[in-house]
Amino acid sequence: MRSGYSPVLINMHAVIPASRVNGPGRRTVAFFQGCQRRCPGCFNPDTHSMETRELYAPDEVFVRHLRPGVEGITVSGGEPFLQPVALGELLKIARRNYSLSTVVYTGYAYDDLCAMPECVSALQYVDVLIDCAYIEGMKEMTLLARGSTNQNFFFLSDRYSVADFYMPGKAEIVIGADGLITGTGFSRLMRPQ
Ligand code: SF4
């Protein structure tokens, strides 16, 4: 693990270096570890535990995983805003050091995040926020990149519009350099936020 850029560490579930079904274009996807909501039908229950899984310095995400042609980072989980300071550091580095766009999925409502100062600090580096927890009975049936229709898109910069969030498919199989096979996207293969 690298050190020295930031003393803040991320408790990370997994990082996918390049995906086309987690927001506009090719994106690195960082899944934060830890969520206490226990939404029925959550496709990623392995992210729920609050135990430490793998610690990353924020810049380490890019040093280890950034690939050519990636236009942005998507942060999902788990609940990214349970680690608001580390999230803010990650997003700030993405923008300032790598000129990446930033998309974040959260189970919180946007208004609730705006009432928490540490979360507001992280929000200043977010291009698009998709808020509210997954509701199993409101599953998104189109190719729009959200798990359920109660979730809202907040375009916090002018970089994207809702048209950019229609994906080429609902799910994707990723084969890592180590041969590990991972499913991602918005189908039974993996998670909604
Ligand atoms: S759907 Fe999202 S908010 Fe709900 S339990 Fe799963 S990770 Fe947490």
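Predicted model: local features only at pLDDT ≥ 70, side-chain atom pairs only at ≥ 80, totals over all residues.
Reader: Ok, how many helices and strands?
Author: The protein has 4 helices and 9 strands, counting DSSP runs numbered from the N terminus: H or I of at least four residues for helices, E of at least two for strands. From the N terminus, the order is β-β-β-α-β-α-β-α-α-β-β-β-β.

Reader: And how much of the protein is buried?
Author: Buried residues are 44% of the 193. A residue is buried if 20 or more other C-beta atoms, placed from the backbone, lie within 10 Å of its own.

Reader: Which residues of α1 are buried?
Author: In helix α1 (residues 58–65) they're P58, E60 and V61. They sit on the same side of α1, because they cover an arc of only 160° around the axis, taken from the directions from the helix axis to the C-beta atoms.

Reader: What do they pack against?
Author: β1 (10–19), β2 (27–32), β3 (54–56) and α2 (84–98). Contact here is C-beta atoms, placed from the backbone, within 7 Å.

Reader: Switching topic, which residues are closest to the ligand?
Author: C35, C39, C42, G107 and Y134 are the closest of the 15 residues surrounding the ligand; to count, a residue's C-beta atom, placed from the backbone, must lie within 6 Å.

Conventions: Residues numbered from 1 in each chain as written. Buried ≥ 20, exposed ≤ 12 C-beta atoms within 10 Å, placed from the backbone. Contact = placed C-beta atoms within 7 Å.
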